[in-house]
Amino acid sequence: MKFQEWSKEFEIGIGAIDKDHQTLFNTIRQLGEHIHEDRGDGRIKATINALLLYVDEHFEREERFMIRAGYPDFVAHKQEHDRFRDVIMSLRDFHDKNPAAIDAQKIVSFLEEWLLHHILKVDNHYKPYLNGEKEGDHTITQTFQVNASAHIIQLPCPADKEEHVRHFLKLISENTEEGLLIDQAVEKITRMQQTRREKKARELFGK
Ligand SMILES: [Fe+2]
């Protein structure tokens with residue numbers, strides 16, 4: 001098995017974030033070793049779930065920092081996070097269904113490469129805003145800061161879809177028949193997403 005070694009040059013100089021990145025890096029390595037040395041599906045599953053949990057915690061922390069600093073590229077950065085989260089969920093589902101078909105080296109190489117590219121090419125850009133060297137955009141902070149007590153859902157929405165989203169929310173919250181149709185459509189889309197994820201996972205991580 002080939003692993004990348006962690007190096008000081010991967011640090012971005014913000015303690016909590018560097019610590020998260022190292023934890024993610026170590027968990028990827030651990031996952032690769034468990035699969036390569038065939039240490040059992042239960043252990044592999046637990047490590048994939050741990051990776052998903054660390055990814056969630058880490059992205060949530062980074063996103064909170066970026067929102068607070070008014071980082072102008074917040075939305076694009078969050079989309080990268082969401083795509084990666086989706087890949088890990090694909091891996092989890094694929095392993096659940098086909099535990100013998102996953103390839104340890106492919107998993108380690110893909111995840112390490114993604115993480116290092118993300119740290120060096122994407123995360124590094126927010127550093128001057130988080131450090132206060134550059135001034136952020138206050139509208140980002142206002143738009144995305146979550147008021148936890150109010151149960152407000154905030155998500156980036158393409159400008160031309162805003163009316164649709166508002167209309168759908170109204171139909172769902174008023175429990176209309178059309179709202180039920182939306183529920184059924186969402187279920188169908190969820191199944192389609194599962195199929196898409198499975199296909200993607202097979203391409204990326206299958207033997
Ligand atoms: Fe990031």
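Select H95 first: this residue is buried, with 22 other C-beta atoms within 10 Å, where buried means that 20 or more other C-beta atoms lie within 10 Å of a residue's own, exposed that 12 or fewer do, and partly exposed anything in between, with C-beta atoms placed from the backbone. The model is a predicted one, in which local features need pLDDT of at least 70 and side-chain atom pairs count only at pLDDT 80 or more, whereas totals for chains, interfaces and linings use all residues. Residues are numbered from 1 along each chain as its sequence is written.

H95 belongs to helix α3; helices (H or I, at least four residues) and strands (E, at least two) are DSSP runs, numbered from the N terminus. Show next I44, K45, I48 and I102, with which H95 is in contact once its neighbours within four places in sequence are left aside, a contact being a pair of C-beta atoms, placed from the backbone, within 7 Å.

Now display α2 and α3 together, which pack at an angle of about 170° with their axes 10 Å apart; axes are lines fitted to C-alpha atoms, for helices over the stretch in contact, and angles run from 0 to 180 degrees between N-to-C directions. That angle makes α2 roughly antiparallel to α3, the word applying to angles over 145 degrees, while those under 35 count as roughly parallel, 65 to 115 as roughly perpendicular and the rest as oblique. Among the residues that meet here are I44, I48 and F59 in α2 and F74, I88 and H95 in α3.

Move on to the largest nonpolar core, of 17 residues, in which I28, L31, L91, I107 and F205 touch the most other members; such a core is a set of buried Ala, Val, Leu, Ile, Met, Phe, Trp, Tyr and Cys residues joined through C-beta atoms within 7 Å. Two or more of its residues come from each of α1 (15–36), α2 (41–69), α3 (74–97), α4 (104–130) and α7 (177–205), and the largest share, five residues, comes from α1. Apart from this core lies another, of ten residues, among them A69, F74, I140 and F144.

Finish at helix α6 (residues 162–173), where the number of buried residues among its twelve is zero, so that α6 lies largely in the open. α6 is followed by N175, whose phi is positive, near 55°.

Technical notes: Contact = placed C-beta atoms within 7 Å.
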